[in-house]
Amino acid sequence: MARGWAIRCQWLACLLVSCPAFATGNTMPQPGPVWQAAPAASFTTEEAAVAGLLQAEDARLALMPAVAAVKWQTHAPIFDPPRETAVIHRAGDLGEQMGLAADPVRALFELQAQLARRVQSTLHRQWAHHGFSFAGPVTSLAQLRPRLDELTIQLLQGLYLAAPALERRGFAAQYAALARLQLRDSHWSEAGRSQLLRAMARITRVRTPPEPRIRASGILRVGTTGDYAPFSIETGGALSGSDITLAQELAGSLNARVAFVRTSWSSLLEDLTRGKFDLAIGGVSVTPAREARAAFSLGYSSGGKTILARCADSGKYTSLAAVDQPRVRVIVNSGGTNEAYARANIHRARLLVYQDNRAVFDSIAAGGADVMITDDVEAELQSRRHRGLCRAYAGTLTHSEKAILMPRDPELIALVNRWLQGELAAGEPDRLLKSYLDRESRAE
């Protein structure tokens, strides 16, 4: 893991103990170098986020026998009010910076402390009656606390990612079975699992500006469709594409990691407005309708709509007028600019709407449709991947820019544009697009 992420982990851990920088309200240290290589990418689901949160809770409780052993050998008290109070209070403060209401976070961490004390007290009673029997090496609290602090960081980030599920009515009942699977340590009781789920269900989000929230959480939530190669494509559960790497590089510049959130072209604006993610990327075209409700970054890729058809028929469809004929079947993917353009400009031909953009081109090749009007970069890619498909129109019918879609937050917009200016000056977006265009054209 790169130095930038290590800096963030150190900074977050600092919040859990006495830390002058936190006490004075200073912010995180300035970003170090970005990651040297983009990690594997996949969509983050609500169930996976909750599972990760429960795994961190399980790992924390599983450390309590080691803590109990140290306190038994050193005759240290089980209850350490100053440390517990500091951890609980600062966890609430950091949770608030992440956009989580502070009091429910503190209540959850107080419950964790109670469960931990319960395990330690039970073990001390057993050892008092039957003799000390801890199987592992007895270290010291100084050696154990960094791991506990690391788990606390994971718990806070887990709460942040799982918040949409935690807020949903019936969360505790819905995830009771998953809790039994993930909370596997022998010291969990059914009552303890229920207490934990109820405490998690009280977590609520509060409105906070995106830029400081991203920095506080160390997580950049990125919405993408995963159906638009070479920008963003999901294959076998893995995400790839030029914009996937671009998003990872943006996150690296913030000393954050990416959580990719699934969206669709029809729900893109609504998902952004609801705060499902911080920004959206993946071949998103700048349009007046989108600009009316959200903000865009600087453009990083230019192009326009063109006509794609079977090579044997491409000579028939060299103009929009030739396409817009009664017997022509024009296929479009649902909810995006392709559908919007076709509905505005195709009046006589038959429109076929497909929900899965990835199946559209197979349908044309198989004769299920005649034409697709799509972005020139996608037409170029698909004509490489499908030998029977050709670009029927040499130029473009429109002109548009691809950009990052964001809320209208001045600080976030300025931050993204500053970073993007450097990327554009270095030619990175074009380099990534060419690399992934070549790679995807060889994928099939």
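Trainee: Over how many bridges do β2 and strand β3 pair?

Mentor: Keep in mind that we're looking at a predicted model. Strands of a sheet pair through backbone hydrogen bonds, either parallel or antiparallel. Here β2 and strand β3, which covers residues 232-235, go for the antiparallel sense. The number of bridges between β2 and β3 is two.

Trainee: Okay, and which residue in β3 is the bridge partner of D227?

Mentor: Start with β2, which spans 227-228, so D227 belongs to that strand by its number. Look across to β3 for the partner, and you land on I233.

Trainee: Which strands are the edge strands of the open sheet?

Mentor: Three strands make up this sheet, in the order β2-β3-β4, with antiparallel pairing. An edge strand here pairs on one side only.

Trainee: Switching topic, how far apart are the sulfur atoms of C311 and C390?

Mentor: The disulfide count for this model comes to one. To qualify, two cysteine sulfur atoms have to lie within 2.5 Å. C311 and C390 form a disulfide, with their sulfur atoms separated by 2.0 Å.

Trainee: Where does C390 sit, and how many residues separate it from C311?

Mentor: This pair links distant parts of the chain. C311 is in the loop between β9 (305-310) and α15 (320-323), while C390 is in strand β13 (residues 389-391). The separation between them is 79 residues.

Trainee: Is C311 buried or exposed, or something in between?

Mentor: Buried means under 20% relative accessible area and exposed means over 50%. C311 has a relative accessible area of 26%, so the label is partly exposed.

Trainee: Why is the disulfide of C311 and C390 called right-handed?

Mentor: Check the torsion about the S-S bond. The disulfide counts as right-handed because that torsion is about 85°.

Trainee: Now the rings: what kind of aromatic pair do Y228 and F231 form?

Mentor: The structure holds six aromatic pairs. For Y228 and F231, the ring centres are 5.1 Å apart and the planes meet at 65°. Planes over 60 degrees apart take a particular label, so this pair is edge-to-face.

Trainee: Is Y228 buried or exposed?

Mentor: The cut-off for buried is under 20% relative accessible area. Y228 has 4% relative accessibility, so Y228 counts as buried.

Trainee: Last one: which ring does the charged end of R117 sit over?

Mentor: Find the charged end of R117 and look for a ring centre 4.5 Å away. That ring belongs to F79.

Note on methods:
Residues are numbered from 1 along each chain as its sequence is written. This is a predicted model: local features need pLDDT of at least 70, side-chain atom pairs count only at pLDDT 80 or more; totals for chains, interfaces and linings use all residues. Side-chain values use heavy atoms; hydrogens and water are left out. Two strands pair if DSSP finds at least two bridges between them. Helices (H or I, at least four residues) and strands (E, at least two) are DSSP runs, numbered from the N terminus. Buried means under 20% relative accessible area, exposed over 50%, partly exposed in between (1.4 Å probe, protein chains only). Rings of Phe, Tyr and Trp (its six-membered ring) pair if their centres lie within 6.5 Å; planes under 30 degrees apart count as stacked, over 60 as edge-to-face and the rest as tilted. A charge sits over a ring if NZ of Lys or CZ of Arg is within 6 Å of the ring centre and within 35 degrees of the ring normal.
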